[in-house]
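Please open the model in a viewer and keep the sequence panel at hand. The stops below proceed from the separate chains to the contact between them, and then to individual backbone features.

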Amino acid sequence: MGKQLELLQGTLDLLILKAVSLGPLHGYGVLLRIQQISSGQLEIQQGSLYPALYRLEHQGLIAGEWGESENNRKAKYYRLTVAGRRKLKTEAENWNRMTEMMGSILNRRAEEL
Amino acid sequence: MSARSKLRSWWKAVTHRSAFESQLDAELSFHIEAYAEDLMRQGMTRDDAFRRARMELGGVAAQKENCRRSLGLRAWDDMTADTSYGLRQLRRTPAFTVTVLLVLALGIGTNAAMFSIVDATLLRWLPYHRPDRLFSLYLADSKGDPTWPFYQDLIEWQKNARSIDSLAYYANAEGYLQTSSGEEEFYAYQISPNLFSVLGVQPARGRSFVADEQMTGKSNVVILSDAVWRTMLQGDPDAIGKRVRLNDKPYTVVGIMPPRFVFPANDKSAQLWIPAELTPAHLRPISGYETPTYEVIARLRPGASADSVSAELSGMEERLVSVYPTTLKFSRPMTRVGTMGYRATLVKDSRPALLALIAVVAIMWLIACANIANLMLARAMARQREIAVRGALGASRWRIIRQLSTESLLLSFLGCGFGFGLAQLALEVFSQTLRTRLNLPDHLAPDFSVLCALLLLSVLSAVLFGFFPAWLAARTPLDHSLRQGSVQGGTTLSSRRLQQTMVVAEIGLSLVLLVACGLLLRTVFALRRVPLGFRTDHVLMLEPKLPRFKYRNVDKNETVYNPLLQRIQQLPGVTSAALTTVLPLHRGFAAILELDVASSGNSTSPTLKIEAQLKAAGPELQNVLKFRMARGRFFNHQDTANSPLVAVVNQAFAQKYLPAGDVMEKFSVRLAKGREAKIVGVIDDFHQTSIDKPAFPEIDLCAPQLLPSDSFYQPTLLAHVEVAVRTQADPQAVIPAMQRAMVTVNPDLQSGKIETMNQIVEDSMGSQLLAAHLLELFGAVALLIALAGLYGLLSYLVAQRSHEFSVRLALGAQRSHIINMLLGQAARMLFAGAAIGIALAYFFSRLITGFLYGVAPHDPGTILGVTALLLSCGLLAAFVPARTASRCNPMDALRGE
């Protein structure tokens with residue numbers, strides 16, 4: 001297993017939306033879920049997680065609700081809102097187009113031009 | 001969508017702040033615990049696990065701050081912190097705070113009062129649809145003086161004018177409404193049936209008039225205002241169709257207007273309206289005085305302007321005038337039709353005064369702002385060290401400016417609040433005078449637009465007096481003020497220069513107000529000194545008012561006025577009393593006589609057009625008013641109905657119409673066929689219409705000699721009669737007895753008005769007196785504020801430089817030398833301010849030229865006198881701190897090092 005990848009600028013919001021889209025999560029759960037999906041390859045700075053969650057909630061993309069955690073503690077669970085789902089879809093499309101294009105550019109060889 | 005959710009989450013966080021914070025805490029501590037538990041499961045000790053968890057989160061406080069920032073709570077937090085800090089700072093320096101608030105309250109309060117007045121007059125709300133499209137139409141002569149158009153004119157306009165959408169007309173009527181307890185008089189108007197639809201207002205109940213109701217026999221219908229309906233009919237819901245007795249005739253109520261509707265807009269809201277009845281006189285060709293005239297209000301077509309209407313109607317009027325009878329064409333040479341916005345007609349007399357006063361309060365506000373800016377600057381300089389420390393601890397310059405600006409805004413809003421209260425108080429105090437002078441509506445309450453203007457004003461004030469000092473304070477290099485150990489180090493040359501500039505500006509602006517004030521005071525003195533030509537002391541004027549409808553076919557002189565006169569003459573304390581149809585300086589009724597006279601039988605000589613005021617008076621009038629005769633005699637008791645007819649003219653008449661030859665020989669007044677009055681005397685001129693206008697030519701007829709059949713009876717004794725009374729002692733004391741006498745003679749006289757002549761003289765000074773009173777007040781306040789500014793600045797400078805003065809004294813400087821130095825500094829500022837002020841006053845005094853009498857707008861005496869006053873007051877204000885400076889003890893300062 002190689003070095004953990006640094007998060008690209010602006011991708012944290014998208015990752016949080018994706019994580020939450022799979023089911024309501026508390027903040028720590030979001031962290032674990034992202035590590036889980038990326039098979040431990042993505043390292044998220046814990047310090048930037050909560051401001052991002054608050055920002056997304058402020059924008060109305062996710063909604064927080066207090067509930068019980070696995071070990072019967074009170075925790076704030078975030079779920080995707082309708083606007084969040086729409087945002088995730090368009091952002092994911094953008095991201096795919098971008099990576100495709102970047103990939104094709106970076107793989108070009110001199111003789112193909 | 002996003003903006004709304006953002007606002008909602010921000011608002012929730014702001015309003016439920018403690019819940020927000022505790023949830024944030026709970027969320028973060030849950031995170032730490034959950035993570036630590038996971039770590040412990042991997043074999044870490046509890047303490048290590050928690051330490052690691054906390055470390056990775058990166059500091060709970062910083063986390064929380066970042067979370068708040070993502071909600072935009074940071075700016076809010078800064079603001080609340082700044083506000084509470086600012087309030088604490090203001091509480092700590094009560095003298096400063098109170099001074100600033102007082103000055104600000106004065107500056108803003110005068111503006112608020114003025115705004116309310118302007119809002120109620122120039123920008124007045126009118127209860128009509130699109131009132132800005134309503135215009136008054138009138139006939140204008142070559143001088144622009146208006147007359148009401150004839151019925152035939154306005155019918156022609158109504159039919160043919162393309163630029164007018166609709167046109168309505170109206171005139172005064174009598175409005176004595178019968179009640180169970182007697183008659184009560186209301187403002188009544190006879191109107192064209194379409195008036196309300198032209199105004200765009202429909203009755204709240206019932207209907208408007210219909211065209212048919214202008215016909216004789218169908219015109220006994222009335223529409224009541226809401227106020228009359230409520231008071232007279234107790235708001236009876238079934239009032240429509242009810243009968244009322246109006247002017248002793250039965251009328252049917254057909255409509256009730258909505259509350260707050262008033263037309264014409266410049267009188268009280270208790271009004272009623274009846275249809276303008278069409279009589280045969282309306283339909284005959286225009287003949288002169290018998291043809292009815294009306295005031296006209298029109299709604300303009302979209303796209304039409306006042307000028308285009310005036311041009312179109314003037315063209316029409318030219319054709320109409322050509323069929324006027326020749327005498328009328330001669331006496332009323334008017335072909336132009338004037339237009340004026342209806343709202344403008346309501347304030348046309350007070351407009352210049354209002355505009356001048358707006359300029360005055362604006363200047364006061366500038367003075368107040370300059371003054372406070374100075375105080376703020378001094379304060380910012382004194383806090384230089386605090387600001388430098390903040391800067392050293394990492395506050396950005398913008399952050400410091402924002403913090404200082406918050407304080408200014410706080411002061412400004414507080415000052416605005418006090419100013420608003422002050423304005424209300426001032427309006428209460430002045431309301432009586434203002435109401436009579438400015439024709440204000442019943443309720444004078446600041447509305448939404450006034451409050452908006454005030455808010456804007458206070459923010460603007462804060463920017464003016466707060467931003468520059470803050471900017472200047474934040475600009476000074478940090479190390480500079482930190483390195484200098486003493487508190488005095490802060491003052492920089494640029495800030496001191498700015499302060500001096502502001503004091504100079506204040507002095508200049510105050511001088512402008514003082515000059516205006518001085519000129520108006522001179523005007524009032526000049527008006528008071530004008531020889532009126534008659535005595536005003538111990539004179540009462542009584543205006544009997546009779547319901548016309550009751551006395552239409554009765555000789556009021558025989559049945560009412562003469563008995564009243566006899567009764568008054570017998571009252572104790574009354575020396576003499578006389579009837580007169582015209583009262584000097586009164587805006588009452590005055591018939592202007594216009595007639596053509598062929599001089600003494602010579603038919604070839606050109607006719608002479610005479611324009612003179614006609615008056616009928618009793619013989620005692622000379623005893624009451626004590627005017628002098630230039631020649632001959634006034635009427636006396638030998639001039640009775642059976643003696644030879646006599647008349648008297650004034651000198652203006654004699655000089656104007658009979659420059660050569662003997663007026664008493666060559667001129668006579670023909671009352672009726674075979675009844676010629678001989679001129680027996682010439683009165684010395686006195687001011688009949690107003691103090692600032694010269695005497696107008698006048699012909700006096702002897703009241704006891706006039707017969708109802710005489711042609712001059714109608715415009716004199718029939719139209720309007722007053723009783724002039726000379727009393728022995730204080731005229732006020734006689735008023736109750738006279739009131740009782742009036743009612744005993746005839747109960748219909750109960751609403752008669754009694755005034756002292758002195759009061760009438762005061763009233764006739766009108767706008768000048770009002771402007772002078774207000775300006776006296778404003779001028780004094782401005783002077784005070786400017787002097788306080790000068791004093792404050794010098795005291796501050798002295799305090800700043802006390803160290804320097806001590807060293808100077810220790811090195812052997814004379815105390816008088818220090819006083820002279822400081823006074824010299826003050827004098828430089830004063831002279832600079834005075835120079836600017838005189839230059840500004842030169843322009844500003846043009847604004848008030850219209851109010852001046854007996855003094856030129858650039859009167860050097862006034863300007864010099866006022867300047868001298870300002871300079872001497874200024875030097876006095878400067879002397880106090882200068883003396884303090886000269887008294888500092890050298891040892892104190894040196895020891896303090």
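The term pLDDT denotes the predictor's confidence in each residue, on a scale from 0 to 100. It applies here because this is a predicted model. Where pLDDT is low, the predicted coordinates should not be read in detail.

**Stop 1: chain A**

Select chain A and colour it by pLDDT. The mean is 84, and 91% of the residues of chain A reach 70 or more. Which helix of chain A has the lowest confidence, and which the highest? The lowest is helix 3 (residues 46-58), at a mean of 85, and the highest is helix 4 (residues 82-107), at 90.

Now switch to a cartoon view. Chain A contains four helices and three strands, arranged along the sequence in the pattern α-β-α-α-β-β-α. Of its 113 residues, 29% are buried. Among the contacts in chain A with a separation of 6 or more, 49% join residues 24 or more positions apart.

**Stop 2: chain B**

Select chain B next. Its 897 residues include 30 helices and 24 strands. Buried residues account for 38% of chain B. For contacts in chain B with a separation of 6 or more, the share from residues 24 or more positions apart is 82%.

**Stop 3**

Show both chains and select the residues where they touch.

**Stop 4: a helix pair across the contact**

Two packed helices are described by the angle between their axes and the distance between the axes.

Helix 3 of chain A takes part through A:Gly47, A:Tyr50, A:Pro51, A:Tyr54, A:Arg55 and A:His58, while helix 4 of chain B takes part through B:Gln63, B:Asn66, B:Cys67 and B:Ser70. By class, these contact residues comprise four nonpolar, five polar and one charged.

**Stop 5: backbone features in chain B**

Return to chain B and centre on B:Asp248, in the loop between strand 9 (243-246) and strand 10. Its phi is near 65 degrees, a positive value in a residue other than glycine. Is B:Asp248 buried or exposed? B:Asp248 is exposed because 12 other C-beta atoms lie within 10 Å, and a residue with 12 or fewer is classed as exposed.

Move on to the loop between strand 10 and strand 11 of chain B, where B:Arg260 lies. B:Arg260 is not a glycine, yet has a positive phi of about 70 degrees. With 14 C-beta neighbours inside 10 Å, B:Arg260 counts as partly exposed.

Finally, select B:Pro264, which lies in the loop between strand 10 (249-256) and strand 11 (271-275). The peptide bond leading from B:Phe263 to B:Pro264 is cis, with omega near -5 degrees.

Definitions and conventions: Residues are numbered from 1 along each chain as its sequence is written. Chains are lettered from A and ligands numbered from 1 in the order in which they are written. This is a predicted model: local features need pLDDT of at least 70, side-chain atom pairs count only at pLDDT 80 or more; totals for chains, interfaces and linings use all residues. Helices (H or I, at least four residues) and strands (E, at least two) are DSSP runs, numbered from the N terminus. A residue is buried if 20 or more other C-beta atoms lie within 10 Å of its own, exposed if 12 or fewer, and partly exposed in between; C-beta atoms are placed from the backbone. Two residues are in contact if their C-beta atoms, placed from the backbone, lie within 7 Å. Ala, Val, Leu, Ile, Met, Phe, Trp, Tyr, Cys and Pro count as nonpolar, Asp, Glu, Lys and Arg as charged, and the others, Gly among them, as polar.
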